[in-house]
Each structure stands twice: as C-alpha cells, then as structure tokens.
Amino acid sequence: MTTIVDGSQNADPYFSSVPFAKRWDCHKATIIRFHLDDGNTVEVTAEHMKTNYKFDARQDPNLSVRQYKYHLSKWGISKNISSLKKEQAIKAIGKRTRDGTEVGGVRYNGREVPKKRLRRYMGTQAKLEQDLQLRSNVFTYWNLPYKAYNTSSALDTNASSPFGVSASTPSDLSVLSPRNDMASRPSPRNAPTPTTVAIRDKSYSDRTKFLIQGMNIDFMKDMPIHERKHWSPGLLGFSEFQDASTSPNTPAASVGIPCDSGFKQDPNEPLSLCRWSIHLGDHNIHYEESLESLEDGQEDLDLGDPDSWSPWLGNAASQDLVEHLQEALQSNSFSNIDVKDLPFSAGQLIKAARRSPAELLEEAISFAIMARNADLLSGIIMESRQLLKDLNLARIHPFHLATSYLDGAGACCNVLDVIIHNFTGRHLIKNLYVNDLGYTVLDNLFINILKAHTNCTPGTIDDSQRKVKRFPGEEVDVCGRWDADSHCVRSLLSGGQPVIPISWKHMFCHTSTQAICHSIVTIFSPFFALDINTPSGLFTKRCRNCSQKLTLLPLHSLVLVAFYLARSGCEGENLFGILACLVCLLVYGADPLQKTEISVTALLGGDEEGLCSHTPFDPVELADQLPHVFTSGWTAEARLGWDTFLEILRFHDPSEYFGDGEIVNFYGKSKLLGTLWAAIQTELLTYRRIEEGAPWISDNFSIRSVLKGLSEGSGTLNMPLVEDFMMSKFCKCGRFVKASDPGCVRVAEASAFYFSNLEDWKRSKFIPMPDAGY
C-alpha cells in the first residue's frame, strides 16, 4: 500500500523506520483528516491510529489522549469555532443566498465547517432569544419612508452595523460553490436547503431583535439595499395621495384623530391661512344628536371628500389601545405587504409584544400624545393607573413629546394639561423636565417656534445636532395647516424630503403664539410647578480655554430665539409672538435680572483657544452684545419688534417687585406691563388673519404704542384696546377678574363687548377648557 504524506509517497504507512518522536509529523495529515474532517473524537482518533497504523502514543489511554490534544493544539487544529466565527460564516452564506447565489458551504482556516454544526448553533441562539421584550417607541419611531428616513438620519445607514459582524467576509473564511453533482441534483419545487432556511430565519430573527430593542440604525444596516428600498412610499401608503386626512393604516386612524372638514387645496401645497382652536367651558359645548349611527349611512362615504365623512364620535367605542396595537400586529394591518415578505420575523415581534404590556402601554401613550387626542390619552391614563406606577416614562419623555406635537388648531394645551395633572410620583413633570439631550420642556416650546417659523436646523441650537436634518414633530404644523396625513406632507416624504421647506411656513402667528403661551401657563401656573428659571439646554457652549460649560437661563435662550426669528424667520415677521411669550414668562416668574456666564463669540461660532471670552450677562446685556451688523439688515417691522422686546426686558425695578400668591413677577410697581399682558391675551382671543393680504396684527393693537409707552415712561398704551375700553376689568398683573381660569381666558371673559373675527367655523375647532372633563 502506498501512502501520500505531506506531498511525498511512502511505501511504509506505519513509518516504522522513523523515530517515534518524529512520527507525529508523518501522521499529521491522516490524524487531521480522521479527527477533523470525519468528525471523530480524540479518543476514537487515537484508537484508530493505534489499530490501523500501529501508532500507539502511550500504553496508558489517558496519556495517549493528552498527547493527541497537545499536538492538535500545536498544529492549530481545533474543532471548536468561536461564536463570532460562526456568526461570520452564517452572514457570509446568508449574503450569497440573498443575492441569489447558490452556495455549497463555508471553509474556516481551510477546513469545511459542518452545516449541521451551524444549524445547531442557530437553534441554540433562537432558544436563548425566546424571551425578548419590546423597548419603548418601537412603533412610534417609524414614520418615514426609507429615502426620507435615510436623508434625515445623522448616521449612515449604508455603513455596517457596529452590533453585527463585519460586512465583508474575513480572510480566514471562504464560501464554497456547490459541487457539480449537487448543483444538477433536482430539488422538489426548488425548495431551499435546511441550512438556507435556518440562515434566513436567523437573519430575520436578528433584525427583529434590533427592531424591538430600539436599535433602529442597526436594523436598517442589517438589510441589503434592495430590501431597505421595499420600505418605500408604497409600503407606508405614501404612493397614492388622497385628500382624506387619515389613511386607514396609519397610527392616526388607530387612535382616533378628529378629522376636520376644511378647504380644498393644491394637494402639493399646504393651506396658506391658519386654523385655530377656541376653548369653551363644558356647559358651552352643545352637540346635535346624530340621526344616523356611525355604521349606517356609509354608502356615500368618499375618502377623497372630507365633507362626506361621518362626525367623529370621539372615544365612544372605548377600545383599549394596547389591545388594538396587539391586534394590529397580529393582523399585520400596519403594513400593505404580506407577512411572509416582511424583512423580519413577525411572529417573534408579536410574541415580544405579548410579553411587554408595559412597553405597549408606553407606545399607546405616545400614539395618543402624537395624535393630539386628549380624550383618548385621559382614558388610557384613567384605565391604567396601576400599571402606570411601574412604567419608566423617561423612555418616551411625554412632556417633550406633547410640546413637539403641539397643535394650536386642535388640542392646543389640553394634551399637555392632561399629563401634567394626571401623572404622579416619578412621572411628575419636575422629574421629567429635562430630556436626554439636556433640553427642558420650556426649551422644547422655544424649539417649536424656530421649527415652525424659521429655516433654522437642530444644529442652530445645539452643536451636537449639526448632522440632524429635521426637528421632531415637523410633520405637524402648530398652526393647523398640515399634519402627518396631509396630502402635501405625504407627497414631500415620498420624494425623500424629510424637512418641511421654509416656503410652507409663515411668521410667528397668533394661533402659534396662543398655543405656546397657553402651554407656558399650563406648565408654570400649578401650585406644584417647578422653578421657571431652571437653566436652559439650548445654545450651550463650552469654553475652549478653561472648559467651563456655558449654560443659558430661559430668558437668555428667548433672546436668541427672538434673534433667530428676526434673522431667519419668514416674510412679514414682526416679533409680536415673541413679545407675548416674554410677557407671559415674566408674569409667571422668569427673572430678567439673573446673569449667567456667556461667550457671545462662541454663540456666533468664533470662539478661539487660549482665551476665555465668557462674561456674566443678564438677558438685556446679552442682546446688547449681539453685533449690530446682524440687526441693521432687518426689516423695519422686525427691528421695531426687537427694540420693543428689549424695552420690556429693561422695564423692571430690582428694588420693587410684587408677588401674586406663589408667583413672583418682575413688573415693578407699574401697571403698564400688566395692561400689556391683558391686551396681548385679548388680541390673541379676538383676531386672526382670515384672508391673504390682511395684516398679521389687528388695528386694535400697536407694537409701536408699546415701545413708546415703555421708552418714554408715560405708563400708558395708546391703542384702541385700552383707549376704547374694549377689555374687561383686569388686575394689576394683567389677569381678567371674571376669568374662571386666569391662565386660559375665554373671549367673553376678556372682551368688554364682542368684536372677534374668528367666526369662520370651518377653520375653528371648539375644545374644552384645560383640566375640564378629564
């Protein structure tokens, strides 16, 4: 018998003439083949070599096994393959399989890895991941088609996942082509092999794990490009644009957003004029009884014609939203494609959802907040009191979410009011006032102003967000001119544009101003309210010399918001809205005297190393430090508003201020700012720009009169609201005496007689007073 060993022929297969110590190398190929390729244990291999090759390492079997293990280790031979290498082998095979390439297996260090071993590993991993649970925001996060999502992301979804294995096949692994006899062998209906099925299932399982644990970027990165693009406008129902405001497959429909009938419009452009909401007491809201039930009379329903829709009956069905989410997952009603074609394991997702009642409740709360549905949100809270105690609502930041989706033409401040007055314990606003980015809830209201009325980006207010393209909640306009279901928004997103263009926006209008001011009052008027002077997280800088963190206070941040509103805002910006916000903040205790360390050069992007440029400034001093080269180019309206803004900040006497109950304001002893606050509230309650070309402010109010009264020290405001006695009686701090809720005054409580122009009922929505009926 002739044996080939290490490339040479030897007539003696036993190598009896070779010294025993050197026979290991002579038998190396035989030992490796029998042990590794044929899958035999060390003990069986030792016995085989002894019987067939007269190679007896030791008379003692234990010593023989040790000798074999020693030499196998010396040769770098091991049957054990690390989990990382198994994952890499599975990925390598899976990639070729998804590309439509038939594979025969994979080699590791020149040796073929048994497929059975890979399948066993995948089965073990699947068992270990059977108890996965959802994280919060798994479903509320996904609201954009892939192209728009990829454009909006600060991360590169085309890069490989840091939580997965390398995208390229390592050099010690090689994918084998199928043997010729296997390639030609017929397969019943071209059925995939057991290994192919196992690898596909594991790939879907891994993606599901990324999805349910909130690792969204990694979920996208794990998919090939062609699978990501299946997550297209068509998948999310964006490819067919209807005038109907709610698609049956969107979360909005699931949570019952009231659908307003309104104007016909160019489907690719939003409404040019605002809508608005009007707070009424419960006793003032009357509904006519419907002659037909919701189920009857639907034969004339036209999804393209809002006027054909039946009246929304609120939460009449009282369906549990958590159960609704589970049923939607089970029936796949969130998607337009078949379950078997989804790029993840739907079954595993459903099981995880069933194991995660707390997380689903958080999702339900998020959906209700984003849908601006105060009734539904209140119902969820009331029915889930016990479970709420165990939730960690810091994962969804409900107060920031409510202010990101503020809707001045819908719920106004009512959603924020529901959660402020119904969340208790660790869910109180004082415990959730600052989010993961360091922004306060008040900061989020400031962001809303810049988001809705300027071309500013997240990087304008936060250096760490420079790569982020869009603000949260851009798909909902605070003035009610579009939302996520609007034809124009869906058209925009389907084209891969995630950012609302500046051409859609208009100046800081009355609807938006009222919603912001009502929200400020909702946050800071309760007896349990936190300090309004809590440091801001916007425009934060760090000194490049001493590394001190330079943090602004709320009024300092408002100065910069006003600056950017005038500099980067829309045509016609007059800063009335910012004046209203400033006075509102002063009413509820914002301190214009406090100073904080500020570097103006750093704020304007010019800070240099080696020199500390920060100095303590109060808000007015900060405004005075802003270069005139910026302000000198503003319009006359913006400049007038800016000068008035600064005069209001200056109008205080540090030695004389008065308190109103728990709230301290900084008016000094003058009634002028109190009168101004009353006039602002009345203006917001009684006037809207109802047609193109109409002024943004009514003839009853005058910013120039405010500036004159402040700067000249006359103590009077020469405007019709004051001179013609158009307002009801109010106290020195500007609160109306007969108002049932001083923070949310109704038009009849502020006006001495009726002169409002808000009678366009198609653009009006009547809502309860805050904390009324909840």
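Predicted model: local features only at pLDDT ≥ 70, side-chain atom pairs only at ≥ 80, totals over all residues.
Who is its partner? The ring of phenylalanine 399 pairs with that of phenylalanine 423; the centres are 6.1 Å apart and the planes stand at 85°, so we call this pair edge-to-face. Phenylalanine 399 belongs to helix 18, residues 398–404, while phenylalanine 423 is in the loop between helix 19 (414–422) and helix 20 (441–453), so the pair ties together parts 24 residues apart in sequence. Phenylalanine 423 is buried as well, at a relative accessible area of 2%.

Now, how many aromatic pairs does the structure hold? There are 18. Here is another of them: tryptophan 24 and tyrosine 68 have ring centres 4.9 Å apart and planes at 75°, and an angle over 60 degrees counts as edge-to-face, so this pair is edge-to-face. The two come from distant parts of the chain, with tryptophan 24 in helix 1 (residues 23–26) and tyrosine 68 in helix 4 (residues 61–74), 44 residues apart. Are these two buried or exposed? Tryptophan 24 is buried, with a relative accessible area of 4%, and tyrosine 68 is buried too, at 1%.

Rings can also join up in a group. Have a look at Phe539, Phe563, Tyr564, Phe630, Trp634, Trp642 and Phe645, which ring pairs link into a cluster.

Last, let's turn to charges over rings. Lysine 54 lies over the face of tyrosine 14, 4.9 Å from the ring centre. Over the ring of tyrosine 588 you will find the charged end of arginine 735, at 5.2 Å from the centre.

Terms used
Residues numbered from 1 in each chain as written. Heavy atoms only, no water. Phe/Tyr/Trp six-rings, centres within 6.5 Å; stacked < 30°, edge-to-face > 60°. Helix = DSSP H or I, 4+ residues; strand = E, 2+ residues; numbered from the N terminus. Buried < 20%, exposed > 50% of the residue type's maximum accessible area, 1.4 Å probe, protein only. Lys NZ or Arg CZ within 6 Å of the ring centre and 35° of its normal.
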